[in-house]
Amino acid sequence: MTSTAPPPIPRAAGSFPFIGHALKMRDNLGFIDSLRETREPLVEIVLQPGTRTIVVQDPALIHQMLKALGPTLDKGRLYDKLGQLLGDSVVTAVGRNHVRKRRQLQPAFAHTEISRYVDIMRGEVTATVARWEPGRTLDVREAMVGLSLDMLAKTVFAGSLDDAVFRRLRSDLSVVLNDVGVRIMVPDWAERLPLPFNRRFDRARDGVRATITTAVDDLQASGHDTGDMLSMLLRAVDEETGEPLTGHQICSEILTLAVAGTETTASVLSWTLYELARNPDVEARILAELDEVLGERPVAFDDVPRLPYLNRVITESLRLHHPGWLVTRRTTEETRLGDWTLPAGTELAYCQHALHRDPERFPDPQAFSPDRWADPAQELPPGAFLPFGDGKHKCMGDRLALTEMVTALATMLRSVRLELSEGQVIRQVARLTVRPHTLRMTVRPRIRAGAGAGL
């Protein structure tokens, strides 16, 4: 018997000499989404000359890539760039370095710590909503970025920064968040050009580092434990050397956490509010559930699992509007993926946004339907739904992110109703995350006649 060689991996249409698929990547999300139409398990694209990038589209192969092939893969070019821009952190580290960093940070995401953060999160949401004037048109995505930044910064620096320093840190982080997605995608040589865009990003990133370094120095000098995440990081030690984390290491972890956590949470919250405005019956069911479970009291940590419908709404937002559009890995040695043998140095990628809209796994995939998650008999194949990734690099902040979103929505929705502006066309763009380009909504006060009043 003779073995049958696997078919060659097709290259996506539209590639040109020297520039590859650069023209196609002007609409990066549309281009990656269009690859599904080939129905091929693997498709090659060219993001830069001399480098093969294989987009993995079959869930079984994605599952193999994330779970079984961990020892033969590192994180790939996009994470290399993120590390160059923000510093070495648990998000960008690979191999033994990643395991060590993950263990150092794990206590900050423990059940007991997240429960302490809920009061802080709820306070920030309440303060934010109180500033929204009834009848005002709100840029929802910018508002959610601001809210996510405030929630993160207050949990990290709850007792370590005065108001003036906190405002400066928030301003610098906002610039980094807005610009890092573009900086990741541009060639390395373009980062060195003395352009206003580059100078603005570098100045803001350096400002964040300076603020965090000063906070670390002051906290170390005082010897106080302020009960925030910064204090916890100061207590962490390197398991190999027994030494505490350096100020530079703490800066890198917090900076990357701010970018990775804030941007994704803000995007999911924005898309959820958009869908609730388009689906008032869904919003009414959330409000009825909140009245039944909470009554008149504010949401608490123990309520998160007691709000199943709200959790299904968030899960459906993570399916239909997942913020991840390109997750990369790279082979460090010759690697077998399914029937294909890939040489060392091959870039691999998958797109959660496209994966979660596959009609073979999700009937009527463009519909926002939280009840698709209510059927306990529905079983998806491994690798078909990856809201927080999978394998050894699965997001370690998944519980924190879900708690943030439940807390934010449960608090916001009982105070205000957001209406979509008339005639508005919502366009999705892929930068660091898939987010609405512009999402304007009008703030209306929530009139609640009593328990069970939905609108």
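**Reading burial, helix and core**

Author: We can begin with S231, which is located in helix α10 (residues 229–235); please keep in mind that this is a predicted model.

Reader: Is S231 buried or exposed?

Author: A residue is called buried when its relative accessible area is under 20%. S231 has 3% relative accessibility and therefore counts as buried. Beyond its neighbours within four places in sequence, S231 is in contact with L219, H224, D225 and T226.

Reader: Which residues touch the most other members of the largest nonpolar core?

Author: A nonpolar core is a set of buried nonpolar residues joined through side-chain atoms within 4.5 Å. The largest one here has 113 residues, and W132, M144, F157, I286, W325 and M412 touch the most other members. Helix α11 (residues 247–278) supplies the largest share of this core, with 14 residues. Apart from this core lies another, of 19 residues, including L42, I54, L342 and Y350.

Reader: What span should α11 have, and how many of its residues are buried?

Author: At 1.5 Å a residue, the 32 residues of α11 should span 46 Å, and its end C-alpha atoms are 46 Å apart, so the two values agree. The helix α11 is mostly covered, as 24 of its 32 residues are buried.

Reader: Which residues form a nonpolar patch on the surface?

Author: The patch consists of F16, F18, I19 and L23, which together have about 450 Å² of accessible area. F16 belongs to the segment before α1 (28–34), and with a relative accessible area of 45% F16 is partly exposed.

Methods. Residues are numbered from 1 along each chain as its sequence is written. This is a predicted model: local features need pLDDT of at least 70, side-chain atom pairs count only at pLDDT 80 or more; totals for chains, interfaces and linings use all residues. Side-chain values use heavy atoms; hydrogens and water are left out. Buried means under 20% relative accessible area, exposed over 50%, partly exposed in between (1.4 Å probe, protein chains only). Helices (H or I, at least four residues) and strands (E, at least two) are DSSP runs, numbered from the N terminus. The expected span of a helix is 1.5 Å times one less than its number of residues. Patches are made of residues with over 30% relative accessible area and no salt bridge: like charges are joined within 9 Å, nonpolar side chains (Val, Leu, Ile, Met, Phe, Trp, Tyr) within 5 Å. Accessible areas come from the Shrake-Rupley method with a 1.4 Å probe; for residues, only the protein chains shown count as cover. A salt bridge is a side-chain nitrogen of Lys or Arg within 4 Å of a carboxyl oxygen of Asp or Glu. Contact means heavy atoms within 4.5 Å.
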